[in-house]
Amino acid sequence: MKLRNITVTSLLALSGLGLWTYGSAKLAGGGDFNYRPNPLGIKMSPYGQVIALAVQGGIDSDWHGTDTSDLACTACGHEHGAPASGSCPEAGGKGPLAWLAKVERAATEKTNVAPRTPGHKFYLRRQVEDKLRLAWELDPSNYANYNSYHLFLTEPQVGTRPIITEKVIELSRLTIRYCLSQDSDPRAALTAASAASNILELMFLHKENYTREQMREQLAVLDQALARTHELTQRWNEEGNFERLSEVRVQDMQQRLEFITKMRDVCERTLQRLSGPDSSGL
Amino acid sequence: MRLFRLTTATLFRRKSWVICAFAVGVLPFLLQQISTGTENPALLKPAIAQATWAMALLSAVFWGFYTAAKQGESNARSGVGEYFMTTGVSPTRQLFEIWLSIFTFLAPLPLIAAGVCVFAASPSMPDERSMWIATNLQYAVLYLLVMAPLVAVAAAIASRFGGICGFLTSGGLALYGLYGVGYLRYLGDLQGNPVLKWLWAFSPHYHFADPTERLRYKLGAIAWDKFPLLLAYFGGILLVYAALSRLIFRARATA
């Protein structure tokens with residue numbers, strides 16, 4: 001290679017390296033290098049929300065894999081009585097989908113009569129937990145995904161990673177912050193309310209670690225989230241947005257709203273009792 | 001510029017660019033039907049904006065780098081490069097002409113994406129709208145600055161080591177810079193391991209050029225006083241890759 005060529009190439013490379021180093025030093029100094037990777041921006045996006053819904057099916061079947069009760073249907077693994085009762089949607093179906101389900105069953109079926117080992121059950125529970133984490137990351141405002149993940153973290157019987165209460169509360173706070181930043185969907189506000197009531201419940205459980213003032217603040221957050229839910233529900237009613245949802249999903253939302261409202265009242269009463277003169281008995 | 005015209009005509013006749021144009025310009029409007037925008041109309045516009053830029057990124061990686069690798073390889077293997085050398089076109093010049101030809105097809109993609117965002121997914125508040133246009137233009141510039149040198153790298157490596165190597169190197173670098181570096185941070189204790197830390201700091205952080213989240217949450221345009229810093233950063237990477245491509249590229253396959 002000619003001397004001129006080598007010089008030009010080296011100059012290019014050196015000046016490039018200089019700029020690159022300068023840029024990365026500046027950007028790293030500003031903390032811009034620290035980011036949470038989010039391929040194609042899919043997490044917390046309108047597409048992520050759909051995938052988060054779809055993931056629930058996989059979680060469901062994995063969860064039933066951990067089930068060892070005799071009541072489980074042999075066709076689908078769910079508990080809904082005997083397979084012959086006709087209540088199983090996957091048994092006896094016709095067409096390519098049912099055929100595919102049969103093939104899947106044949107490939108994944110457990111034929112060893114020995115019960116599942118504790119290690120395998122733990123593995124299945126961890127699979128479920130990881131999927132729930134993913135589902136929560138995809139859409140923190142999804143009521144079912146958030147609450148299932150919360151259950152896994154707080155219930156030592158099902159969770160696989162012992163986790164301290166502070167971390168669980170942090171997860172709920174992240175959920176609340178995200179859900180309240182969404183100002184177009186009442187279901188997100190409802191999830192925020194649910195997260196707030198979960199935090200309150202944990203605070204009551206470890207009441208020696210939290211002041212009454214902190215609990216009252218949390219109750220205010222719950223009230224704020226419920227108020228936001230009602231406000232957005234009214235707006236959705238006026239705009240006719242509920243007609244876009246299936247009836248089951250609307251019913252789900254109403255039941256959850258009733259439940260959270262009841263929980264809110266229970267929380268308030270508990271707080272009153274705790275703040276009362278004789279609070280040591282609780 | 002005969003090699004440029006030859007390559008451009010070949011790519012145009014091959015018609016695979018139509019898929020990219022469709023993916024960036026039309027597909028976002030179809031994809032929004034499988035987003036939650038169907039339940040919550042407030043999410044329709046963010047879904048379009050996200051999809052069009054995601055498609056532009058995917059088109060560059062899968063079409064742009066693949067085409068560059070294919071052209072770089074065939075130029076060296078088929079004897080076209082050798083022919084042009086005998087007519088006085090140096091290898092560097094050949095690399096430039098091949099690169100320019102592919103860049104001609106890639107350059108409209110971020111502009112289409114920006115156009116889709118501005119015309120079909122613009123926020124309704126007037127002051128947010130001007131911000132929106134600025135954000136999209138900024139990211140169109142960053143997109144070109146990131147993808148341009150990777151096209152040259154794909155063509156150069158393919159000319160020496162074969163098309164698959166060229167495509168995988170550029171595609172891998174792009175995906176690693178966009179998403180991989182973020183996961184690298186979780187791999188271990190970065191602060192405690194000087195090698196990992198060094199690797200992380202000198203990785204191409206292409207995620208700075210990924211607009212999907214910024215557009216989804218209307219975070220606003222990159223501050224104009226910080227934008228030159230990003231240009232310098234990606235400009236530096238561009239120069240290093242240009243130098244490397246120039247070294248690696250060869251116009252004929254030697255026996």
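In chain A of this predicted model, take the contacts between residues at least 6 apart in sequence: 60% of them join residues at least 24 apart. Chain A has 9 helices and 0 strands. Read along the sequence, its pattern is α-α-α-α-α-α-α-α-α. Of the 282 residues in chain A, 27% are buried.

Start with one helix pair. Helix H5 (residues 143–154) of chain A packs against helix H6 (residues 165–181) of chain A. The angle between them is about 170 degrees, and their axes are 10 Å apart. An angle over 145 degrees counts as roughly antiparallel, so H5(A) is roughly antiparallel to H6(A). Which residues of H5(A) and H6(A) meet? From H5(A) come Tyr146(A), His150(A), Leu153(A) and Thr154(A). They meet Val168(A), Leu171(A), Ser172(A) and Thr175(A) in H6(A). By class, this contact has 4 nonpolar and 4 polar residues, and no charged ones.

Trp136(A) sits in helix H4 (residues 118–138) of chain A. Leave aside its neighbours within four places in sequence, and Trp136(A) is in contact with Asn145(A), Tyr146(A) and Tyr149(A). Is Trp136(A) buried or exposed? Trp136(A) counts as buried because it has 24 C-beta neighbours inside 10 Å, and 20 or more are needed. Its C-alpha atom is separated by 12 Å from that of Leu151(A), 15 residues away along the chain.

Now compare Asp265(A). Asp265(A) is found in helix H9 (residues 247–275) of chain A. It is exposed because 9 other C-beta atoms lie within 10 Å, and 12 or fewer count as exposed.

Does the length of H9(A) agree or disagree with what its 29 residues should span? At 1.5 Å a residue, H9(A) should span 42 Å, and its end C-alpha atoms are 42 Å apart, so the two values agree. H9(A) has buried residues too: Leu257(A), Ile260(A) and Cys267(A). These pack against helix H7 (186–205) and helix H8 (212–239) of chain A.

Next, the cores. In soluble globular proteins, nonpolar side chains tend to be buried together. Here the largest nonpolar core has 79 residues. Val151(B), Ala154(B) and Ala155(B) have the most contacts inside it. Several helices each supply at least two residues of this core, including H1 (3–29) of chain A and H4 (44–77), H8 (126–161) and H12 (227–248) of chain B. A core of 38 residues lies apart from this one, with Leu153(A), Leu190(A), Leu226(A) and Trp236(A) among its members.

Look at Ala154(B) in detail.

Last, the meeting of the two chains. How many residues of chain B are in contact with chain A? There are 36 of them, touching 33 residues of chain A. On the chain B side, H4, H9, helix H11 (212–216) and H12 each give two or more residues. The largest share, 13 residues, comes from H12(B). By class, the chain B side divides into 20 nonpolar, 12 polar and 4 charged residues.

Definitions and conventions:
Residues numbered from 1 in each chain as written. Chains lettered and ligands numbered in written order. Predicted model: local features only at pLDDT ≥ 70, side-chain atom pairs only at ≥ 80, totals over all residues. Core = buried A, V, L, I, M, F, W, Y, C linked by C-beta atoms within 7 Å. Helix = DSSP H or I, 4+ residues; strand = E, 2+ residues; numbered from the N terminus. Contact = placed C-beta atoms within 7 Å. Nonpolar A, V, L, I, M, F, W, Y, C, P; charged D, E, K, R; others polar. Expected span 1.5 Å × (residues − 1). Axes fitted to C-alpha atoms, helices over the stretch in contact; angles between N-to-C directions. Parallel < 35°, antiparallel > 145°, perpendicular 65-115°, else oblique.
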